Amino acid sequence: MDEQNPYRSPEARIVEQPGTSDLAGLGGRLAAALLDGLMMLVINLPLMYVGGYFRAVFDAAAVGGRPPFTLMLTWGGIGLVIFLLVQGYPLATWGQTWGKRILRIRIADLQGGRPSFATLLLRRYLPMQAVSLIPFIGVLLVWVDILMIFRADRRCAHDLIAGTRVVKAA
């Protein structure tokens with residue numbers, strides 16, 4: 001009799017997509033990114049203060065302008081160098097940033113192996129770092145990259161560019 005009930009709630013079977021069982025969860029990826037970002041802020045902000053970056057930005061804003069692009073490019077390069085000094089070893093050794101290592105997730109190629117350091121640097125991190133420096137549209141493109149995590153395969157734009165995915169570490 002229950003099969004004929006037109007008021008019964010619909011039922012659906014949840015079927016996991018093939019190859020997604022080992023993917024890192026959204027919360028773990030977010031927490032790892034926040035840990036990595038906080039680590040970089042703690043290092044970069046004092047250097048930017050001492051290096052005069054904030055003074056230049058405030059001086060440009062006081063006259064209604066923007067800081068020179070060369071200043072932004074210089075500090076983007078300095079940030080990349082600091083990123084490599086802090087995150088280079090765990091990326092080259094384990095395919096993880098410190099945040100990913102703490103949360104037991106790692107970057108893998110599409111076959112599950114560890115991508116080369118060159119792939120991680122030149123295809124995963126450098127393109128998005130460069131895009132983020134483009135005035136106006138850079139911020140939009142970074143948000144598009146971040147929001148792509150909600151795809152079924154949980155791969156952001158930087159993962160698609162590098163041919164990587166983030167998985168649970170063994």
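## Exercises on a predicted model

Leaving aside neighbours within four places in sequence, Q87 is in contact (heavy atoms within 4.5 Å) with D36, M39, T97 and W98. This is a predicted model, in which local features need pLDDT of at least 70, side-chain atom pairs count only at pLDDT 80 or more, and totals for chains, interfaces and linings use all residues. Residues are numbered from 1 along each chain as its sequence is written, and side-chain values use heavy atoms, with hydrogens and water left out.

**Exercise 1. Find the element that holds Q87, and state whether Q87 is buried or exposed.**

Step 1. Helices are DSSP runs of H or I with at least four residues, strands are runs of E with at least two, and both are numbered from the N terminus. Q87 has its place in helix α3, residues 69-94.

Step 2. Buried means under 20% relative accessible area, exposed means over 50%, and partly exposed lies in between (1.4 Å probe, protein chains only). The relative accessible area of Q87 is 0%, so Q87 is buried.

**Exercise 2. List the elements of the protein in order, and compare its radius of gyration with the globule rule.**

Step 1. There are seven helices and two strands. Starting at the N terminus, their order is α-α-α-α-β-α-α-α-β.

Step 2. The radius of gyration is 21 Å, well over the 15 Å that the globule rule gives for 170 residues, so the protein is more spread out than a compact globule. The radius is taken over C-alpha atoms, and the rule is 2.2 Å times the number of residues to the power 0.38.

Step 3. The C-alpha trace spans about 75 × 40 × 25 Å along its principal axes.

Step 4. Of the 170 residues, 33% are buried. Among contacts with a separation of 6 or more, 65% come from residues 24 or more positions apart.

**Exercise 3. Describe the salt bridge between R29 and D159 and the network that R29 and D159 belong to.**

Step 1. A salt bridge is a side-chain nitrogen of Lys or Arg within 4 Å of a carboxyl oxygen of Asp or Glu. The whole structure contains five salt bridges.

Step 2. In one of these, the side chains of R29 and D159 meet at 3.0 Å, N to O. This pair links distant parts of the chain: R29 is in helix α1 (residues 26-50) and D159 in helix α7 (residues 157-162), 130 residues apart.

Step 3. R29 has 10% relative accessibility, so R29 counts as buried. D159 counts as buried because its relative accessibility is 0%.

Step 4. A network of salt bridges links R29, R124 and D159.

**Exercise 4. Locate R55 and D59, then classify R55 and D59 by accessibility.**

Step 1. Helix α2 (residues 53-62) holds both R55 and D59, four residues apart, which is about one turn of the helix. Their side chains form a salt bridge of 3.8 Å, N to O.

Step 2. With a relative accessible area of 55%, R55 is exposed. D59, at 43% relative accessibility, counts as partly exposed.
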